[in-house]
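Thanks for coming. Please look at the sequence and the structure for a moment, and then I will go through a few parts of it.

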Amino acid sequence: MEVFHTESRIVLTCNKRLSPWLQQEVEELGFKPTRVFPTGVELKGTVNDCITLNLNLRCASQVIYLLKSFTAANPQQLYDELVKIEWENLIDFSGYFSVTSNVNNEHITTPLFANVKVKDAIVDRIKEKKGIRPNSGAEQNKTVVHLYWQEDRAEIFLDTSGETLAKHSYRKIPGKAPMLEALAAGTIMATHWDRNSTFINPMCGSGTLAIEAALLATDKSPGFFRMNYGFMHLIGYDEEVFFVERRKLKDKAKKQLDFKIIATDISEDAVDISKKNARTAGVEHLIEFNVCDFADTEVPDEKGIVMFNPEYGERLGTHTKLEATYKRMGDFMKQQCKGYRGYIFTGNPDLAKKIGLSAKRRIEFYNGKLDCRLLEYELYEGTKREPREE
């Protein structure tokens, strides 16, 4: 089973509503999606292609490679099909693997039972062929096998990512209620920011938006911050393919920017955390950090975008205080950010009404299970209306 050079179906998973931006990334890498759905993108490729995808994608969660599709009405049929796969040519008998699953079958009351059937089939096959049982467990830091089983249709995948790609590995100190890195990248991409003009992030929290903006602007991929993936633990892995791809990341990344990325927060602790996370990401020198109320944030004459990710009353803050904050955000953008495009990411439509500006676009996202919107505001210089002829 030479999966590194054999083309099959690849599924790129992501958080719900991130797939349009994941599709954009995939196409920019030169791949052609065959299907786009709310939680992912599909294409054709090899496990070597999966290496490229894992190192470059910002919005993805997992990159999984199809091994086999089959019919299985019950657990025994599932086992019988899985034990036919040449697992001894994929997983080292002295190695370690884990199983994940997405199951909807009348015979399965808990996904753990399905996982055990997959594990048993793999272990029994390798023991029969090699005489030794590989170890298995819950940790996803080695080989990962994924089962997708809906009614009587089953598909078994190699999860070439292992641990999720949605966390970009630079954020060692998360801060309070942090935004997932993949979501932050997706929201910035949704603004259509040109990556070559001012980016202002007041109320920066742990700095995720500003850091992701700096990574996008420098074309620095998340693969810079990670040295362990699921594909590395498969038989047939050629580390030279990985290091060639990693060198490409290094060669294309810019070192400096000729515009400002500004991040501010009223909390000195938050700014300190942001600086440390930016240092880990290698972009601290590209971001101007300041401790101040958001209304005192520097707004350069060179235009760009200003982007807020405020509290929205679900996990932090109190509603009454937040109403005043949202009004002040609207005032700040209207009075001090003329000529910019303004964005506020929120999961609270009632608080959004307090902003006092009319949103040009309302882009749908999820933050965890919370239904959210990225609100876009055109902040005109002077008035939008044309002067009336006398």
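How many bridges join strand E9 to strand E10, and do these strands run parallel or antiparallel? Three bridges join E9, residues 198-201, to E10, residues 261-265, and the two strands run parallel. One of the pairs is Ile-200, whose bridge partner in E10 is Ile-262.

Before I go on, some ground rules. This is a predicted model, in which local features need pLDDT of at least 70 and side-chain atom pairs count only at pLDDT 80 or more, while totals for chains, interfaces and linings use all residues. Residues are numbered from 1 along each chain as its sequence is written, and side-chain values use heavy atoms, with hydrogens and water left out.

Helices (H or I, at least four residues) and strands (E, at least two) are DSSP runs, numbered from the N terminus. Two strands pair if DSSP finds at least two bridges between them.

Now the sheet that holds E9 and E10. It is an open sheet of seven strands in the order E11-E10-E9-E12-E13-E15-E14, and the pairing is mixed. E11, residues 287-291, and E14 are the edge strands, each pairing on one side only. On average, neighbouring strands here are turned by 20° against each other, direction ignored. For angles, axes are lines fitted to C-alpha atoms, for helices over the stretch in contact, and the angles run from 0 to 180 degrees between N-to-C directions.

At one end of that order, E14 (residues 361-367) and E15 (residues 370-378) pair in the antiparallel sense over seven bridges. Arg-362 stands opposite Leu-375 in E15. The two strands form a hairpin with two residues between them, and Gly-368 in the turn has a positive phi of about 65°.

Next, helix H5. It lies across E9, E12, E13, E14 and E15, running at about 170° to E14. Is H5 enclosed or open? Ten of the ten residues of H5 are buried, so the helix is largely enclosed by the rest of the structure. Buried means under 20% relative accessible area, exposed means over 50%, and partly exposed is in between, with a 1.4 Å probe and protein chains only. The buried residues include Glu-181, Leu-183, Thr-187 and Met-189. After H5 comes His-192, whose phi is positive, near 60°.

His-168 counts as buried, at 2% relative accessibility. Leaving aside neighbours within four places in sequence, His-168 is in contact (heavy atoms within 4.5 Å) with Arg-58, Glu-181, Ala-182, Glu-212, Pro-222 and Phe-225.

Lys-68 stands opposite Ile-156 in E8.

What angle do H3 and H4 make where they pack? H3 (residues 75-82) and H4 (residues 111-130) pack at about 30°, with their axes 9 Å apart. They are therefore roughly parallel to each other. Here angles under 35 degrees count as roughly parallel, over 145 as roughly antiparallel, 65 to 115 as roughly perpendicular and the rest as oblique. Among the residues that meet are Leu-78 and Tyr-79 in H3, and Phe-113 and Val-118 in H4. By class, this contact has eight nonpolar, one polar and three charged residues. Ala, Val, Leu, Ile, Met, Phe, Trp, Tyr, Cys and Pro count as nonpolar, Asp, Glu, Lys and Arg as charged, and the others, Gly among them, as polar.

That is where I will stop.
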